[in-house]
Amino acid sequence: MPIGRPKPLTGWKATAAVSMSNYIDSGSIIAIATSLGFWGAAYFPDDSGRIAGLLAAFSSNAFGAAVGALIGGPLCDKYGRKFIYTYDLLLYAVGGLIATFAMNLPMLFVGFIVIGLAVGASVPAGWTYIAESAPTHQRGRHIGATQLAWSVGPFIGFGLAALLSPLGLVGSRIIFAHLVVIALVTWYIRQGLYESEAWQKSKGGQQAKAPSIWTSLRGLFSRKANITALLFLVAIYTFWNQAASQNGIFLPTILSSMGFGTLASDLFSMLTWAFVIIGTIVFMVFVDKVSYRWFFLVGGAMAVVSWVVLVFGPSTAAATAFGYAILWGLSSGPSAQAFYSVWSPELFATPYRAGAQGLVFFTVRVASGIISLVFPVILMGANGLLIDGLILIAFLLASTLIGTIFAPRTQGKELREIEIERYGEVVSAGLLDAEAGRPRADDEGR
């Protein structure tokens, strides 16, 4: 019996389908984190940390996702939000299959890079689509669902790693395989998504053509409102993400240095992500009700304290590890990433929205890639955790201060209202064409 097309998706069903990008994003990072030791034993046993750092840097944790976002964001503004969903998860599945059946180090690199490209292309599209389709007074809650999916990915990933660790490398391959299956199922379900109505209107209707990618990028950098928003978002997200990315992919290494075995490390990491899930649910409940500024401050302060506990607490005390797990997990609810996912669609007009997010995501993941090249090397040296920890605490302090001081006042406002406040007009494809020296869309053919 043939399989028909999936049912049309609206409301929370559409949000859930789009949010799965975040599940497979974080799931792939944890799959890499929990399998590096097994891959290393099989394909690079004499590694001092450099190959592991390169694999992490070129994966969905960093450079791979960065390039994908830089490509996918502008394509999303040019061809539509749904366009990305036609191809991104198919590409992810290809990368996942290569990683699943990798027989050598080059295959592993290729698989990780392809996964990263697919993840990077889909994440900006997801935040954009949800922001444009969610009810105004529940926009933060719907976008928060992407964070919830992102949190569930590591929780399940570490759980699978603990369950399958006796199988060694075979267990790691199974974890990658499960992500491939989820990607393909999600791809099929997403075929029921409608195109974003806001994007349709911004380009002048279904038959009109959106501006070229270069026109949109010129328009993005020609407006002061866009530049200030880019600088603000790059600062808070980049600084915070250095701690988050190292926590995500090198937490097993940190726990190993504290005396945790592989199974204990996976179970403990799973516990950490259980607190992240709790913090994210709290974020979803309050983000549309509590002041952005004070909510951001609470999350940032808790993140700073968590790393202070990890770095300066007794290195062999269980209380140190559990204190870090609770504080970091709860802080990840109202985190810089959560607020970035809310603020980035709010601060840019529809024709720039996904492209701007792709640019910011590119910058953030490149920074994560650079630090991933040196973090494991320092961590394995004398006083490695102390040195890395102090750097990451400084980053977290910077993100917290910048986000608290310059938090935008966009809460509870329609995207169109925010656009008029920031630009003094509704920015459309026609205006972008005019900025590029071409006739407006409604003047063509006259």
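Good morning. I begin with one aromatic cluster, which is formed by W127, Y237, W240, W307, Y324, W328, Y340 and F361. Please keep in mind throughout that this is a predicted model.

The protein chain contains 18 helices and 0 strands. It has 446 residues, and 57% of them count as buried. Of the contacts in the protein chain with a separation of 6 or more, 84% are between residues 24 or more positions apart. The chain exposes about 17400 Å², of which carbon and sulfur atoms supply 70%.

I return now to the aromatic side chains. How many aromatic pairs does a search of the whole structure find? The search gives 27. Let me take F83 and Y87 as an example: their ring centres are 5.4 Å apart and their planes stand at 65°, so this pair is edge-to-face. The cut-off behind that word is an angle of over 60 degrees between the planes. F83 and Y87 both belong to helix α4, residues 81–100, and because they are 4 residues apart there, about one helical turn separates them. F83 is partly exposed, its relative accessible area being 29%.

W307 lies in helix α12, residues 292–312, whereas W328 lies in helix α13, so the pair ties together parts that are 21 residues apart in sequence. Are these two tryptophans buried or exposed? W307 counts as buried, at 1% relative accessibility. W328 counts as buried too, at 2%.

Helix α13 spans residues 318–331, and S331 has its place in this helix. S331 is buried, with a relative accessible area of 1%. Which residues does S331 contact, once its neighbours within four places in sequence are set aside? They are G299, M302 and A303.

Let me go back to helix α4, where T86 is also found. T86 is partly exposed, at a relative accessible area of 27%. In sequence T86 and Q191 are 105 residues apart, yet their C-alpha atoms are 7.4 Å apart in space.

The charged end of K78 sits over the ring of Y79, at 5.9 Å from the ring centre.

My last topic is open space. Rolling a probe the size of a water molecule over the atoms shows where empty space is left. The second largest pocket has a volume of about 410 Å³. Its lining is made up of 18 residues, and those nearest the centre of the pocket are A198, K201, T350, L415 and R416. The elements that give two or more residues to this lining are α5 (105–133), α8 (197–202) and α17 (415–423). Which element gives the most to the lining of the second largest pocket? That element is α8, with 4 residues.

Thank you for your attention.

Methods
Residues are numbered from 1 along each chain as its sequence is written. This is a predicted model: local features need pLDDT of at least 70, side-chain atom pairs count only at pLDDT 80 or more; totals for chains, interfaces and linings use all residues. Side-chain values use heavy atoms; hydrogens and water are left out. Buried means under 20% relative accessible area, exposed over 50%, partly exposed in between (1.4 Å probe, protein chains only). Contact means heavy atoms within 4.5 Å. Rings of Phe, Tyr and Trp (its six-membered ring) pair if their centres lie within 6.5 Å; planes under 30 degrees apart count as stacked, over 60 as edge-to-face and the rest as tilted. A charge sits over a ring if NZ of Lys or CZ of Arg is within 6 Å of the ring centre and within 35 degrees of the ring normal. Accessible areas come from the Shrake-Rupley method with a 1.4 Å probe; for residues, only the protein chains shown count as cover. On a 1 Å grid over the protein atoms alone, a cavity is a set of points where a 1.4 Å probe fits but cannot get out, and a pocket is an open set with protein on both sides within 12 Å along at least five of seven lines; lining residues have an atom within 4 Å of a point. Grid points are joined across faces, edges and corners, and a volume is the space filled by probe spheres set on the points.
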